[in-house]
Amino acid sequence: MADVQPFRAFRYNLARVGALEDVIAPPYDVIDADLQRRLHEQHPANVVRLILGYEQPTDNDHDNRATRSAACLREFMADDVLLQDSQRSMTVVHQEFSAGGRTLVRKGFIARVRLEPFGSGTVFPHEETLPGPKADRLRIFRATAMNLSPVFGLFPDELCDAQEILDQAVGRALPLQATDHNGVVTRVWSVTDHAAVTAVSAFLGDKPIYLADGHHRYETALAYLAEREDLARRHGNTLEPDHPARF
């Protein structure tokens, strides 16, 4: 069964960073060198500094893109640039964009999903992965101990029941909003209502989840989990069932 849960998210503190659109970035694997430079220059707290910092000719085991990402993350937390929610939530996401002369809205939500190897449960891939990107992502996982970028999953729901539950929970609350470099407008709402998130979790329990994007990130999360389990075993312990690395 798919184990989909709310979690205590980290969010940008807009009182410290200003406009949300100045600190967002697309997934690391679609950021070319020019966009990487523009995002770095856009704001000193842009998330690109965590997910795709610069590599340097002098990089070594102690000073490299991953260690600098971790240092930057610690700085963001110490300066209250990033704040963790006090409650577990699911985050509703609406993205408005133009395609084929039409304006469309793609709706979804962010939650945490229990990791399971492909072929062993309800999470299914559709593309092959490469060792290089996974090694790079794993170094950042190890250094930061945080999942810095979500994967994109699809699940069958012909009547949009899961989304309707969350959208109703949002009601008339105003969203946080940001427009990215491609003109896509993203609106997000946090849903902490216990009945709503429990209903969505239950609805997804018997549904397959198909990865549409983020295969390298998902497989890297599995590799990181295996390392944490091995470390616990070597210390005579076991990783608790709800340890964050399991999601």
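Biologist: Which residue in the hairpin of S4 and S5 takes a positive phi?

Modeller: Gly100 does, with a phi near 60°. The hairpin has 2 residues between its strands. Keep in mind that this is a predicted model.

Biologist: How many bridges join S4 to S5, and which way do the strands run?

Modeller: There are 9 bridges between strand S4, residues 90-99, and strand S5, residues 102-110, and the two strands run antiparallel.

Biologist: What stands opposite Val93 in S5?

Modeller: Gly108 is the residue opposite Val93. For His94, the bridge partner in S5 is Lys107.

Biologist: What holds paired strands together in general?

Modeller: Backbone hydrogen bonds do that, in either a parallel or an antiparallel arrangement.

Biologist: What is the order of the strands in the open sheet?

Modeller: The order is S5-S4-S10-S9, which makes 4 strands with antiparallel pairing. Strand S9 covers 176-179 and stands at one edge, and S5 stands at the other. Each of these two has a single partner strand, so one side of each has no neighbour in the sheet. On average, neighbouring strands are turned by 20° against each other, direction ignored.

Biologist: Which strands does helix H6 lie across?

Modeller: H6, residues 161-170, lies across S4, S5 and strand S10, which is 185-191. The helix runs at about 105° to S4. Helix H7, residues 194-204, also lies across S4, S5 and S10, but at about 70° to S4.

Biologist: Changing topic to H4 and H5. At what angle do they pack?

Modeller: At about 35°, with the axes 8 Å apart. H4 is residues 65-78 and H5 is residues 131-144. Their crossing is right-handed.

Biologist: Which residues in H4 and H5 meet?

Modeller: From H4 there are Arg65, Ala66, Thr67, Ser69, Ala70 and Leu73, and they meet Asp136, Arg139, Ile140, Ala143 and Thr144 in H5. By type, the contact has 5 nonpolar, 3 polar and 3 charged residues.

Biologist: Why would a helix put residues three or four places apart on one side?

Modeller: An α-helix has 3.6 residues a turn, so residues with that spacing point the same way.

Biologist: Which residues of H5 are buried?

Modeller: Asp136, Arg137, Leu138, Ile140, Phe141 and Thr144 are buried. The buried residues of H5 pack against helix H3 (48-51), H4 and helix H8 (215-234).

Biologist: What span should H5 have, given its 14 residues?

Modeller: It should span 20 Å at 1.5 Å a residue. The C-alpha atoms at the ends of H5 are 20 Å apart, so the two values agree. Just after H5, Ala145 takes a positive phi of about 55°.

Biologist: Now His43. Where is its place?

Modeller: His43 is in the loop between helix H2 (33-42) and H3.

Biologist: Does His43 count as buried or exposed?

Modeller: Buried, because its relative accessibility is 13% and the cut-off is under 20%. Setting aside neighbours within four places in sequence, His43 is in contact with Val17, Asp22, Val23 and Arg49.

Biologist: Last one. Where does Asp242 lie, and what does it touch?

Modeller: Asp242 lies in the segment after H8. Not counting residues up to four places away in sequence, Asp242 touches Gln5, Arg112, Arg114 and Phe247. With 44% relative accessibility, Asp242 counts as partly exposed.

Biologist: How far is Asp242 from His62?

Modeller: Their C-alpha atoms are separated by 31 Å, and the two residues are 180 residues apart along the chain.

Methods
Residues are numbered from 1 along each chain as its sequence is written. This is a predicted model: local features need pLDDT of at least 70, side-chain atom pairs count only at pLDDT 80 or more; totals for chains, interfaces and linings use all residues. Side-chain values use heavy atoms; hydrogens and water are left out. Axes are lines fitted to C-alpha atoms, for helices over the stretch in contact, and angles run from 0 to 180 degrees between N-to-C directions. A crossing is left-handed if the near helix is turned anticlockwise from the far one by less than a right angle, and right-handed if clockwise. Contact means heavy atoms within 4.5 Å. Ala, Val, Leu, Ile, Met, Phe, Trp, Tyr, Cys and Pro count as nonpolar, Asp, Glu, Lys and Arg as charged, and the others, Gly among them, as polar. Two strands pair if DSSP finds at least two bridges between them. The expected span of a helix is 1.5 Å times one less than its number of residues. Buried means under 20% relative accessible area, exposed over 50%, partly exposed in between (1.4 Å probe, protein chains only).
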